[in-house]
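Here is a briefing on one structure.

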Amino acid sequence: MTRLYLKIFLTFWLITAVIIVGTTVVVHWFDVTPDGNLQNAHLKHDEEPAKRLLFQMAGSIINRNMGDIRKDIRALPAWSSPFIFALDSNNQDLLNRMLPPGVLMIGEQLNAKHPYEKIQDRNRKLFGRYITLNDGEVVKLITIADGLDEGPDRDIIWELFINNIWPLLLVSTLVSGSACFLLARHFTSSIKRLQETIQKVARGDLSARVSKHFSGRKDEIAALGRDFDQMTARLEKSMLEQKRLIKDVSHELRTPLARLQFALALAQQRSQGVVDSELERIKQAADYLGNIITEILSLPVHDQQSWQLDDTLDLVSLLQSIINDYEQMAAEKSINIHFACQREEALVATYGNMLVGVFENILRNAIHYTPQHGTIEVGLSYKFYENIFSIVIADSGTGVPEELLGDIFQPFFRTDSARDRESGGHGLGLAIAHRSVTLHYGKIWAENKPTGGLKITVEIPALPEDI
C-alpha cells in the first residue's frame, strides 16, 4: 500500500468521521431539534446535567403514553437507574423500585399547580417535573445529581448520549471508511498503473503503454495516460530511427574506409621510409574509425519481444575458451587470470555467439585496467532458488567512481581516466554487453571491490533442465 494511497484514504476517512461525529455532537449539545428549541430554549448549558436531562426527557415524552414511558425507562442502561425515576399519580415508581427518601419527598410536592421542583437531599440535588400525557395520565419525572462527596457531577446526558449513539457512530464510521477505501483505491490504482509503465520506460522498454488500462474513461488521469503513450510512441520511433541511422551510416562508411586502408597499405609499401611516421598515424586513425564502425554494427537493435533465443550455450566452456584466448594478452602484463567454477557445464539459451562478445569485452577491459603483476578473478556460480547463473569478473585496477558505475554501460561513455583513444577504447564494449545481456533476460551491473578494482556481475537464466 503506497503512501499516496494511505494519505488519500486516511484523509477522506478522517474528514468523513469528523463530519459525522461533529454533526451528531453539535445536534445533541446545542439541542437544535424542534423539541429542543421549543421545550428547552431557556436552559443554559452550564446548568447542572441532571436538570438539563429532566427538561430534555420532559420534551421527548410529552406525546407518549404510560406504556411507552415504562418501556423507555426499562431500556435505559443499568448504571443510570439510580439517577432517573418516573412516578405515577400515586407516587409509585413505574418499574416498582424502592424510592429513596428524597425522590418520595419531591414526588409529593409535584402537582398540576406546582409542575417543577428542586430540592437538596443531604448532599444530592433532585429535580422534578409534573407532566400530563396526551392520554390524560400523569407522570412525575425526577432526576438526581451526584453527591458532592462522590466527585464531580456526572454529565448523565452526555453518558446516555454516548451509550445510545456509539453503535450508530461505529456503523457510520465503518461505512464511510469502506467508501473512502474504495475511493482511494480507485484514485491510486490509475496512478499506480502509470507509475509502473513509467518504470518500464525508464528501464528501456519504450513499447510500454498505459492508455489501454483507461479505456472508456474520460477523466484527467486517462488524458494523462494517452498523452504519455503518445510521448513514448514518438520517443520509441525516434530511438529506433536513430539506431538504424547510425547503423546505416556506419555500414556506408565501411566501403570508403576499406578503400582508404587499401590505399594506405600501398602507400606504405611505396614510401620507402620517407613518410612512414605520417602514414602510421593515418593508419592508426583509420583503424580507430574501423573499430568504432565494427562495434556500432555489433550493437543489437532488436526488441526483446521479437528476440528468439533458439540456441544453447555452455558458459563453462565459453569462459574457459575466452580465458585461453586472452592469456597471451594478460601475460604481456604479467597478469594472472584465476577461473573458479564448481560445475562441469552451465547451459543457457542464447542466440548465435552474442554472449561471446559480452565476456570478451568485460575480460578485455579487466586486462586493460589491471596493473602489471595484477590478478583477475573469474567466477561462475549457480543460484538454485532463482535458477540463474552468476558470472563475476573482477580486476585489481583502480575501479570507477561510485557515481559513474551506472554510466559505464551507456554508449560512448568513458571515465575521465580513459579519455585518450589509445587507452580508453570507444565506450561501446560495455554498452554492447549490457544490451546483449538484457536480450537474454539477464542483468549486468558493476561495483567497486573493497580491496580495489572493479567487479562486473552478469546473471543469465539457466535452462529448465538445470533446475
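Leaving aside neighbours within four places in sequence, with which residues is D93 in contact? D93 is in contact with F85, A86, L87 and L99, where contact means heavy atoms within 4.5 Å. The model is predicted: local features need pLDDT of at least 70, side-chain atom pairs count only at pLDDT 80 or more, and totals for chains, interfaces and linings use all residues. Residues are numbered from 1 along each chain as its sequence is written, and side-chain values use heavy atoms, with hydrogens and water left out.

- D93 is found in the loop between strand 1 and helix 5; helices (H or I, at least four residues) and strands (E, at least two) are DSSP runs numbered from the N terminus.
- D93 counts as buried because its relative accessibility is 4%; buried means under 20% relative accessible area, exposed over 50%, and partly exposed in between (1.4 Å probe, protein chains only).
- The D93 side chain makes a polar contact with the side chain of R97, at 2.9 Å.
- A polar contact is a pair of N or O atoms within 3.5 Å; within protein, one must be able to donate a hydrogen and the other to accept it, and residues adjacent in sequence count only if both atoms are side-chain atoms.
- Q92 sits in the loop between strand 1 (84-87) and helix 5 (101-109).
- Q92 counts as partly exposed, because its relative accessibility is 47%.
- Neighbours within four places in sequence aside, Q92 is in contact with A86 and L87.
- Q92 and G107 lie 15 residues apart in sequence, and their C-alpha atoms are 9.2 Å apart in space.

- An open sheet is formed by 4 strands in the order 1-4-3-2, with antiparallel pairing; two strands pair if DSSP finds at least two bridges between them.
- Strand 1 and strand 2 (116-121) stand at the edges with a single partner strand each, so one side of each has no neighbour in the sheet.
- Neighbouring strands of this sheet are turned by 20° against each other on average, direction ignored.
- Strand 1 and strand 4 (residues 138-144) run antiparallel and are joined by 4 bridges.
- L87 stands opposite K140 in strand 4.
- Helix 5 lies across strand 1, strand 2, strand 3 (124-132) and strand 4, and runs at about 150° to strand 2.
- Axes are lines fitted to C-alpha atoms, for helices over the stretch in contact, and angles run from 0 to 180 degrees between N-to-C directions.

- A sheet of 5 strands is open, has the order 6-8-9-11-10 and shows mixed pairing.
- Its edge strands are strand 6 (336-341) and strand 10 (443-448), each pairing on one side only.
- In this sheet, neighbouring strands are turned by 15° against each other on average, direction ignored.
- Strand 9 (residues 388-394) is largely enclosed by the rest of the structure, because 6 of its 7 residues are buried.
- Strand 8 (residues 375-383) and strand 9 run antiparallel, joined by 7 bridges.
- V378 has I393 in strand 9 as its bridge partner, and Y382 stands opposite F389 in strand 9.
- The hairpin of strand 8 and strand 9 has 4 residues between the strands, and N387 takes a positive phi near 55° there.
- Strand 9 also pairs with strand 11 (residues 454-461), in the antiparallel sense over 7 bridges.
- F389 stands opposite I460 in strand 11.
- Helix 9 (residues 315-331) lies across strand 6, strand 8 and strand 9, running at about 170° to strand 6.

**Helix 10 and helix 12**

- Helix 10 (residues 354-369) and helix 12 (residues 429-439) pack at about 140°, with axes 9 Å apart.
- The contact involves M354, V358, N361, I362 and N365 of helix 10, and G429, L430, I432, A433, S436, V437 and L439 of helix 12.
- The residues of this contact divide into 8 nonpolar, 4 polar and no charged.
- Ala, Val, Leu, Ile, Met, Phe, Trp, Tyr, Cys and Pro count as nonpolar, Asp, Glu, Lys and Arg as charged, and the others, Gly among them, as polar.
- Helix 12 is largely enclosed by the rest of the structure, because 8 of its 11 residues are buried.
- The buried residues of helix 12 are G429, L430, A431, I432, A433, S436, V437 and L439.
- Y441 follows helix 12 and has a positive phi, near 60°.
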